[in-house]
Amino acid sequence: MIDVVDEAPWHAPAREDLLDRVFGQARFEKPSERLREGRLPEIAISAMHSGVLVGTVRLWRAATADGRSVLLLGPLAVSANLQGAGLGGRLMRTALNRAAVGGHEAIILVGDPGYYARFGFTADHTGALGMPGRYEQHRLLALELTANALAGAWGTLAAAGRLAPVATELADATLDLGPWPQPDGGRDALLPPVSRVKH
């Protein structure tokens, strides 16, 4: 039996291993990654079979240039031995339900139009929207969870999710510059003070 559950912190190594096997290292070059890196997902779901992670889907907060809040879906991945068994659909339906219940109004992704059309995704709402980096415009798809949520939306999407802990520490760090040396401090007096980062 396969259980679809909220992602737990200890799922991370298995999730990353699955994504590497499904997408390879090229996944880090995708434009969607520019909106995910250094951020925490808004929704993260795992599929577990006998304690082994066999599927994952995550959604991330993003914003259009005209200030609309959206979710970016992806990546969606399923173990090779379970592809075609309907697990991807279970993950998608769970993710879309969580997004709707959470009050989100629209979801955007970059993916195969033929596959995602079954979940209501279309390129009809994304003609004036863009992603950071290179992508195929016909693969930029959206699903409105609220009617007309993307009517008139425009511009390149930007990351809007919560910063991951490491990124937060760097953003909150302050530089503590040591006192400038005295004129008679010798050779070391010619060197600038050492920068230290407070955590």
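This is a short walk through one predicted protein model, from the whole chain down to a few single residues.

Okay, some ground rules before we look around. Residues are numbered from 1 along each chain as its sequence is written, and side-chain values use heavy atoms, with hydrogens and water left out. As the model is predicted, local features need pLDDT of at least 70 and side-chain atom pairs count only at pLDDT 80 or more, while totals for chains, interfaces and linings use all residues.

So, how confident is the predictor? That's pLDDT, its confidence in each residue, from 0 to 100. The chain has a mean pLDDT of 87, with 83% of its residues at 70 or more. One is residues 174-178, which has 15 contacts in the model beyond near neighbours in sequence; by contact I mean heavy atoms within 4.5 Å. The other is residues 180-199, with 24 contacts counted that way. Where pLDDT is low, the predicted coordinates should not be read in detail.

Now the overall build. We have five helices and 11 strands. Of the contacts with a separation of 6 or more, 64% are between residues 24 or more positions apart. The chain has 199 residues, and 38% of them count as buried. Buried is under 20% relative accessible area, exposed is over 50%, and partly exposed is in between, with a 1.4 Å probe and protein chains only. In total the chain exposes about 11200 Å², and carbon and sulfur atoms supply 54% of that. The areas come from the Shrake-Rupley method with a 1.4 Å probe, and for residues only the protein chains shown count as cover.

On to the pockets. Points are joined across faces, edges and corners, and the volume is the space filled by probe spheres set on them.

The largest pocket comes out at about 790 Å³. It has 35 lining residues, and F23, K30, R36, G74 and P75 lie nearest its centre. Which element gives the largest share of that lining? That's β4, with five residues. By class, the lining has 17 nonpolar, five polar and 13 charged residues. Here Ala, Val, Leu, Ile, Met, Phe, Trp, Tyr, Cys and Pro are nonpolar, Asp, Glu, Lys and Arg are charged, and the others, Gly among them, are polar.

The second largest pocket has a volume of about 180 Å³. Its lining is 17 residues, with V78, G84, G88, G89 and Y115 nearest the centre. This time α3 gives the largest share, four residues. The classes here are 10 nonpolar, five polar and two charged.

Let's zoom in on some of those names. K30 sits in the loop between α1 (12-23) and α2 (31-36).

Next, S32, in helix α2. S32 counts as buried because its relative accessible area is 8%. Setting aside neighbours within four places in sequence, S32 contacts L72, V110 and M131.

T56 is in strand β3, and it is buried because its relative accessible area is 0%. Not counting residues up to four places away, T56 touches several others, including E7, R15, I45 and L91.

Most residues other than glycine have a negative phi, and most peptide bonds are trans. Here, the peptide bond from G74 to P75 is cis, with omega near -5°, and P75 lies in strand β4. S50, in the loop between β2 (43-49) and β3, has a positive phi near 55°. S50 is exposed, with a relative accessible area of 67%. N148 also has a positive phi, about 65°. You'll find N148 in the loop between β7 (140-144) and β8 (155-156), exposed at 57% relative accessibility.

That's the tour, thanks!

Key. pLDDT is the predictor's confidence in each residue, from 0 to 100. Helices (H or I, at least four residues) and strands (E, at least two) are DSSP runs, numbered from the N terminus. On a 1 Å grid over the protein atoms alone, a cavity is a set of points where a 1.4 Å probe fits but cannot get out, and a pocket is an open set with protein on both sides within 12 Å along at least five of seven lines; lining residues have an atom within 4 Å of a point.
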